[in-house]
Amino acid sequence: MIAVDLNDAPAGIDKDQQQDNHRELPCATGVIDLTAFLNALNQIGYDGPIRAEPFNQVLNKMSKDEACAAAVASLKKAFALLT
């Protein structure tokens with residue numbers, strides 16, 4: 001199975017200094033062009049799962065329900081970018 005992890009990158013860090021284990025929720029910072037990425041997935045006919053996989057302290061400090069709600073809201077915001 002193929003799945004897509006949809007995240008954003010921390011702001012204020014050069015692209016070549018970004019680290020894989022530091023991620024933000026989709027649409028959190030605008031560093032990653034999620035509109036282009038999601039439209040490209042749509043154009044190739046991708047129909048598999050898409051999930052948020054952020055790694056950050058703020059989300060880790062939330063309750064599971066709060067973190068889940070934040071992830072759902074960010075994914076809805078990202079999917080609204082599809083044109």
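Is D47 buried or exposed? In this predicted model, D47 is exposed, with a relative accessible area of 74%. The residue sits in the loop that joins helix 1 (34-43) to strand 2 (50-52). D47 and K61 are separated by 14 residues in sequence and by 32 Å in space, taken from C-alpha to C-alpha.

At the start of the helix, a side-chain oxygen of D33 comes to within 3.4 Å of the backbone nitrogen of T35. The helix is followed by G45, which has a positive phi, near 80°. The buried residues of helix 1 are L34, L38, N39 and L41. Viewed down the helix axis, these residues fall within an arc of 155°, so they line one face of helix 1. An α-helix has 3.6 residues a turn, so residues three or four places apart point the same way. The cover over the buried residues of helix 1 includes strand 1 (4-6), strand 2 and helix 3 (64-79).

The cysteines were examined for disulfides. A disulfide is a covalent bond between the sulfur atoms of two cysteines. The count of disulfides in the model is zero, the cut-off being a pair of cysteine sulfur atoms within 2.5 Å. For C27, the closest cysteine sulfur belongs to C68 and is 17 Å away, which is too far for a bond. Likewise, the cysteine sulfur closest to that of C68 is in C27, at 17 Å. C27 counts as buried because its relative accessibility is 18%, whereas C68, at 47%, counts as partly exposed.

Definitions and conventions. Residues are numbered from 1 along each chain as its sequence is written. This is a predicted model: local features need pLDDT of at least 70, side-chain atom pairs count only at pLDDT 80 or more; totals for chains, interfaces and linings use all residues. Side-chain values use heavy atoms; hydrogens and water are left out. Buried means under 20% relative accessible area, exposed over 50%, partly exposed in between (1.4 Å probe, protein chains only). Helices (H or I, at least four residues) and strands (E, at least two) are DSSP runs, numbered from the N terminus. The arc is that of the directions from the helix axis to the C-beta atoms. Contact means heavy atoms within 4.5 Å. A polar contact is a pair of N or O atoms within 3.5 Å; within protein, one must be able to donate a hydrogen and the other to accept it, and residues adjacent in sequence count only if both atoms are side-chain atoms.
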